[in-house]
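Hello,

Here is the structure I promised to send over.

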Amino acid sequence: MFIKKIPHLILFLLISVMSISQTKVKTFLYAGRVDVLEDNKAVLIGTAASVSFNFSGEKCAVLLQSIDSWEHHNYVVLELDGQYMGKVRVEKGPVQSFEIKVSSKQKVHTLTIYKGTEATMGNVLFAGTTAKLMTITAVKKKKIEFIGDSITSGAANDPTTIPCDQGEYFDHHNGFYAYGPILSRTIDADYLLSSVSGIGIYRNWNDERPEVPIMPAVYENLYLTKDSSKPKYDFAFQPEIISIALGTNDFSNGDGKKERLPFDPEKYVSNYVNFIKMLYKNNPNAQLVLTNSPMVNGEKAVVFENCLNKIKSEFDADKTHKPILIFKFKPMTPSGCSGHPNIEEHKIMAAEYGPFLKKLLNEK
């Protein structure tokens with residue numbers, strides 16, 4: 001595959017072609033936290049949120065734009081005919097066009113564009129394609145939602161484009177290779193990531209003020225923000241399993257500069273219990289799995305496990321939902337950027353967790 005940017009001067013021609021074709025053919029599949037707009041445009045919001053389409057011919061152009069008030073670049077990952085084609089940097093500013101060339105001789109090709117970065121790093125607008133579109137059909141699969149923090153987001157896992165000691169935090173994100181998407185592809189499940197770097201159940205990595213947007217405060221917003229102008233999440237996904245990995249940041253000591261109170265088990269358990277009640281309200285048939293963190297070790301890991309057991313016990317008498325389960329990752333000393341797991345370590349986590357989730361799905 002060869003990708004090149006097309007000069008802005010001819011973008012209006014591409015957009016015209018795209019608009020004509022898309023008004024007649026509805027051939028896009030969206031997955032993850034995506035805000036679908038008019039004319040088949042869509043905002044890719046959450047980690048690994050995606051748009052897929054089938055096309056014929058030897059090439060096509062896709063139109064992308066990095067959009068947010070911060071005004072910076074973002075990343076997408078391209079997958080062509082089931083093959084990973086790498087990260088693409090989408091610069092800030094106007095819509096850009098990226099040409100996709102294919103080398104195989106098959107008649108119909110499938111392109112999927114994944115959000116490489118997470119929701120709080122800004123959004124990517126899919127503004128269309130010049131492709132000769134073909135029909136695409138969704139394959140019915142069982143579904144898993146992964147709720148978590150930077151680990152679940154695949155944050156800082158990929159320094160292949162820009163080394164860890166250079167660039168911005170989000171330059172090293174690759175959501176395609178987070179443990180959730182990796183294991184979901186392995187066990188052939190659809191997935192949704194609802195994850196935010198630094199976030200916790202009752203306090204975040206380096207802040208615990210009441211106005212801080214902890215996960216229970218942002219989860220029901222499609223954009224994972226407290227911004228009331230943004231649409232609510234519609235909960236149409238309805239997963240068989242919801243995996244929750246929250247606690248790494250609650251247990252964190254922060255940056256060592258801000259005042260940090262001791263970890264409060266009662267607050268953690270209480271907020272977690274209320275969050276689960278929210279999840280049950282919106283996903284009444286889901287099987288919940290609570291996980292520990294491979295990055296919380298020693299005495300903190302013991303306290304963490306005790307908290308998870310207390311949370312589970314709060315729902316043991318609940319016969320209206322499936323029993324809550326707990327999964328324990330093995331301890332890990334991460335070697336990715338800024339103290340996070342790298343891609344190979346995400347693969348290790350996926351290999352640990354995947355068989356457990358596959359067994360659960362097969363029982364349903």
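The lining of the second largest pocket is made up of ten nonpolar, eight polar and five charged residues. This is a predicted model, so please read everything below with that in mind. The volume of the second largest pocket comes to about 420 Å³. It is lined by 23 residues, and those closest to its centre are Ala119, Thr120, Tyr223, Leu224 and Thr225.

Now to the largest pocket, which holds about 1000 Å³ of space. Its lining has 35 residues, with Leu29, Tyr30, Ala31, Ser50 and Asp190 closest to the centre. Two or more lining residues come from each of these elements: strands S2 (29-31), S3 (34-36), S5 (50-56), S10 (108-115) and S14 (190-195), together with helix H3 (179-187). By residue class, the lining of the largest pocket has 17 nonpolar, eight polar and ten charged members.

Of the 15 residues lining it, Ile151, Ala245, Asn292, Ser293 and Pro294 are the closest to its centre. Eight residues of the cavity lining are nonpolar, six are polar and one is charged.

Best wishes

Note on methods. Residues numbered from 1 in each chain as written. Predicted model: local features only at pLDDT ≥ 70, side-chain atom pairs only at ≥ 80, totals over all residues. Heavy atoms only, no water. 1 Å grid on protein atoms, 1.4 Å probe; cavity = no way out; pocket = protein on both sides within 12 Å on 5 of 7 lines; lining within 4 Å. Points joined across faces, edges and corners; volume = space filled by probe spheres on them. Helix = DSSP H or I, 4+ residues; strand = E, 2+ residues; numbered from the N terminus. Nonpolar A, V, L, I, M, F, W, Y, C, P; charged D, E, K, R; others polar.
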